Structure formats: C-alpha cells, structure tokens
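Please keep the sequence and the model in view while reading.

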Amino acid sequence: MNYDRDVKNEDLRFANDAFPVKACFDKRCLRTQSMRHPQIEIKYFTKGSCVILCDDQSLAVKAGDAVVISPFQKHSTYSTDLDCRYHLVNFDLHFLQGGRLCDVDLNWLIPLQEGRLLCNRVFHEGDAVNTEIAGLFDALARSGKAHELSVKAAIYRLLATLIESHSFETEAHGGRRTPKQYDDALRPAFLYIEEHYGESITLEALARECNFNMKYFCRIFKQYTSQTAMEYVNQFRLHKAEVDLLSSKNSLSEIAEQNGFFDLSHFSRYYKKMRGYSPSQIRKQDVDEPLLEND
C-alpha cells in the first residue's frame, strides 16, 4: 500500500470537549496507516524501537526517546521490534488559548495549530524537551482535584521549552524546511543535497555551492551539524531510502540506486549499522494491509 496516496484524515474525539486531552500508556506499536489530524500528538517510547515517518522524513526511535507531531502533519509508524511500546497523548491546542489573544497565541499557538510549525526531530533522554514530555506523562498518570490543572501546566511548560530550545521549524514555500540551527551560509549545500542525493555527491561540489574552499567548508559544516558532510549525505539518503522501503514495492536494488547507494551490499551494511536490522528484514515482515492503531 502506498502511504503517500492513502492518507487517513481524522478528527480525534475527546470524552470532555472542555478538556480535550486523550492519553494512553504502554501502547503497543504496530505498523500504522499514514494519517493526519488537527490535534498535536506526542509519543514517549518505553520499550523497543520503531521508525516514524513524518511527511518525507524518517525518524528512528528507541526506548527513552520522544517525538512531537504537529497538527495536520502526515505520520505513520513501523515497529522494528516484536514488542515496541510507548505512551501516547493527543490534545487540541484551542483549549490553551484565552479569550483575548496575546503574542504567544499569535506567534506560536495559532501557527502550531494551523500546522505551520513543525518539530521533525527525536528528543533523546536527558534533553530538556524529553524531560518535560516525561513530566507531562507523569501528570497524566496522576489523579486528584488538580489533575486537569497539572496537565495543562505541564503542557505549557513543554511548549515553552520547545520554543526556548528552537525546536520548531517553519514550513516554508514549496514545503521545504531548513533547520534554524543551520547557518545561512550552508543553505546552498543543504539544498544541493536535497536535489541531488540520488546522484554522486562530492565535497568539492558542496563547497563550491557555498563558495568556500573545501577545508573551510568541512570545518564549518562539522561545527553546525556535529557531522561530516558525507555523514550527513549518507544519513539523508538513508532517510529517503527508508521512506521508499515502507511505502513502495520497488526492489531493494532499485531503492538503493534511486537514493544514491550504487552498491546494494554497501546499502544493506550501512542500513543495518544505523538501524540494527537489514532492509530485507522489513520486507520479510511486511504485510499487504497495515495494522491500524486505535488512537
């Protein structure tokens, strides 16, 4: 089944419209149909590992990791373990807005509610956002007279930490999103990788796009991304190949070649090194119809 063509549009229902928050704990992760909904979604993984597809990006997560999925963002999951589990919460951002709009509403809550702010990254254990997400689930698990107030306060703290840590990206014209942490001087290199990842890419070509000599380019690329340029290229190719693995019926050889891995054995080795399992294992465990989570 092609997830790009088959997207399930949902509008989640809540037991209490005045407090539109829905949570569940230790939920088993299955393969899910690609879906989108107007509510924000947060997953905190407690066991195993999984791949989450958000739009055209793949996020590999493991126990202790957390992800934030923006309203209207297309997403699906594929468990890479027999028993992968996570805590899940969905909530509607409208209930956070007061009767009189302020700068927080105009600059953050409304753009987030409209799907114009995205958070395409994994928050690992020890990260400030991850800590706030864990705190949110602690509040959700408790009961008492102040339960709703505690949950609402935890959501506010989480959103404040997301904003302060520059975790949101703005969806730009044409759907292309450039991480804010990347310096403007490197943007031509990232655009070049995005447009030519299926071809042979050299350091010389990337440096030339930025009008830098190669030594200087390599130094500032590592400074801004904590990766070498070729590590970034290969991981970008891996993400694109992973989307194809989960959404197309093309052969492994075709997927490898289309995404810049011109040697199938190299692609398989690299994939297993980065993910802990081989691309062929996904195909062996694949099913014609995805299992749907009852979110």
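## Burial and confidence

In what follows, a residue is called buried when its relative accessible area is under 20%, exposed when that area is over 50%, and partly exposed in between. The model is predicted, and the protein chain averages a pLDDT of 83, with 87% of the residues scoring at least 70.

Two stretches call for caution when the model is read. Over residues 1-5 the pLDDT stays under 50, and for this stretch the model has 16 contacts beyond four places in sequence. Residues 286-295 likewise have a pLDDT that stays under 50, and here the model has 35 contacts beyond four places in sequence.

## The nonpolar core

The largest nonpolar core has 30 residues, and those with the most contacts inside it are Val21, Ile42, Phe91, Ile133, Leu136 and Ile155. Two or more residues of this core come from each of the elements β4 (40-47), β7 (66-69), β9 (85-91), α1 (103-113), α2 and α3.

Once its neighbours within four places in sequence are set aside, valine 21 is in contact with Phe14, Val89, Asn90, Phe91, Phe95, Leu140, Val151 and Ile155.

## Salt bridges

The model contains six salt bridges. In one of them the side chains of lysine 43 and glutamate 41 meet at 3.5 Å, N to O, and both lysine 43 and glutamate 41 are buried. In another, lysine 62 pairs with aspartate 65, the closest N and O atoms being 3.7 Å apart; lysine 62 is partly exposed, with a relative accessible area of 45%, whereas aspartate 65 is buried, with a relative accessible area of 2%.

Glutamate 132 and arginine 157 also form a salt bridge, at 3.7 Å from N to O. This pair links distant parts of the chain, since glutamate 132 lies in helix α2 (residues 128-141) and arginine 157 in helix α3 (residues 147-164), 25 residues apart. Glutamate 132 has 22% relative accessibility and therefore counts as partly exposed, and arginine 157, at 43%, also counts as partly exposed. Elsewhere, salt bridges that share partners join Lys47, Asp83 and Arg85 into one network.

## Aromatic pairs

A search of the whole structure finds 15 aromatic pairs. One of them brings together phenylalanine 261 and tyrosine 270, whose ring centres are 6.0 Å apart and whose planes stand at 35 degrees, so the pair is tilted. Phenylalanine 261 has 2% relative accessibility and therefore counts as buried, while tyrosine 270 is buried with a relative accessible area of 13%.

Ring pairs also link Phe190, Tyr197, Phe217, Phe221, Tyr232 and Phe236 into a cluster.

## Positive phi values

Which residues other than glycine have a positive phi value? One is aspartate 26, with phi near 50 degrees; aspartate 26 is found in strand β2 (residues 21-28) and, at 43% relative accessibility, counts as partly exposed.

Another is asparagine 211, with phi near 60 degrees. Asparagine 211 lies in the loop between α5 (203-209) and α6 (214-225), and its relative accessibility of 71% is over the 50% limit, so asparagine 211 counts as exposed.

Key
Residues are numbered from 1 along each chain as its sequence is written. This is a predicted model: local features need pLDDT of at least 70, side-chain atom pairs count only at pLDDT 80 or more; totals for chains, interfaces and linings use all residues. Side-chain values use heavy atoms; hydrogens and water are left out. A salt bridge is a side-chain nitrogen of Lys or Arg within 4 Å of a carboxyl oxygen of Asp or Glu. Buried means under 20% relative accessible area, exposed over 50%, partly exposed in between (1.4 Å probe, protein chains only). Helices (H or I, at least four residues) and strands (E, at least two) are DSSP runs, numbered from the N terminus. A nonpolar core is a set of buried Ala, Val, Leu, Ile, Met, Phe, Trp, Tyr and Cys residues joined through side-chain atoms within 4.5 Å. Contact means heavy atoms within 4.5 Å. pLDDT is the predictor's confidence in each residue, from 0 to 100. Rings of Phe, Tyr and Trp (its six-membered ring) pair if their centres lie within 6.5 Å; planes under 30 degrees apart count as stacked, over 60 as edge-to-face and the rest as tilted.
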